[in-house]
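Please keep the sequence and the coordinates in view while reading.

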Amino acid sequence: MEEKGKEFFKTLLTYLMIILIVVVIRVFFIDPVRVDGRSMNTTLENGQILLLNKIVYKKGDIKRFDVVAIDEGDKTLIKRVIGLPGEIISYKDNVLYINGKKLEDPYPSTKTDDFSISDIGHTKIPGDTYFVMGDNRNDSLDSRYPQVGVIKKSQILGRAKVRIWPLNKIGIVK
């Protein structure tokens with residue numbers, strides 16, 4: 001009888017360790033995040049689930065064109081980083097300009113209307129903030145609008161690089 005008790009305790013301890021490891025991974029390293037809305041069409045679609053890398057920006061810098069999850073208080077937004085701190089950003093005739101130089105923006109799924117960072121009251125993107133946009137530029141509430149504006153680094157929850165749902169679309173998000 002004592003042998004069964006030891007075996008039960010070993011099994012219980014193994015399951016508790018597995019649960020603890022899963023919780024630690026979920027809290028500190030990765031988190032599933034769901035796409036809500038059409039602002040990232042056709043790259044991402046409503047209802048898709050992504051894995052959010054929560055530590056990537058603790059080790060490295062946020063890069064232009066990364067897909068990120070943003071804490072907007074009552075909701076999480078999924079957007080693409082377009083402008084970095086200190087840059088002057090504008091779109092003219094559907095072309096992206098960074099500090100006055102033309103830059104290839106391969107991600108929009110719709111036309112991008114003319115825009116300048118000055119349209120939201122800045123001469124350049126303030127330090128420690130980022131300019132983000134949805135790929136579906138005609139249907140995206142993003143940094144072009146004062147109610148969102150530039151995003152503080154502290155609002156960026158992590159990089160969304162891997163799609164895990166639906167199963168037929170599992171893979172890397174570009």
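Tyrosine 91 stands opposite phenylalanine 115, a residue of strand β8. Strands here are DSSP runs of E with at least two residues, helices are runs of H or I with at least four, and both are numbered from the N terminus. This is a predicted model, in which local features need pLDDT of at least 70 and side-chain atom pairs count only at pLDDT 80 or more, while totals for chains, interfaces and linings use all residues. Residues are numbered from 1 along each chain as its sequence is written, and side-chain values use heavy atoms, with hydrogens and water left out.

Strand β5 (residues 89-92) runs antiparallel to β8 and is joined to it by two bridges; two strands pair if DSSP finds at least two bridges between them. Serine 90 in turn stands opposite serine 116 of β8, and also opposite tyrosine 97 of β6. Strand β6 (residues 95-98) is antiparallel to β5, with four bridges between them. In the hairpin that β5 and β6 form, two residues lie between the strands, and aspartate 93 takes a positive phi near 55°.

Attention now turns to the largest pocket, which holds about 200 Å³ of space. A pocket is an open set of points on a 1 Å grid over the protein atoms alone, where a 1.4 Å probe fits and protein lies on both sides within 12 Å along at least five of seven lines; lining residues have an atom within 4 Å of a point. Of the 14 lining residues, Asp36, Gly37, Ser39, Leu77 and Lys79 are the closest to the centre of the pocket. Strand β4 (residues 76-83) contributes the most to this lining, with four residues.

The protein chain averages 89, and 97% of the residues score at least 70.

How values were computed: Points joined across faces, edges and corners; volume = space filled by probe spheres on them. pLDDT = per-residue confidence, 0-100.
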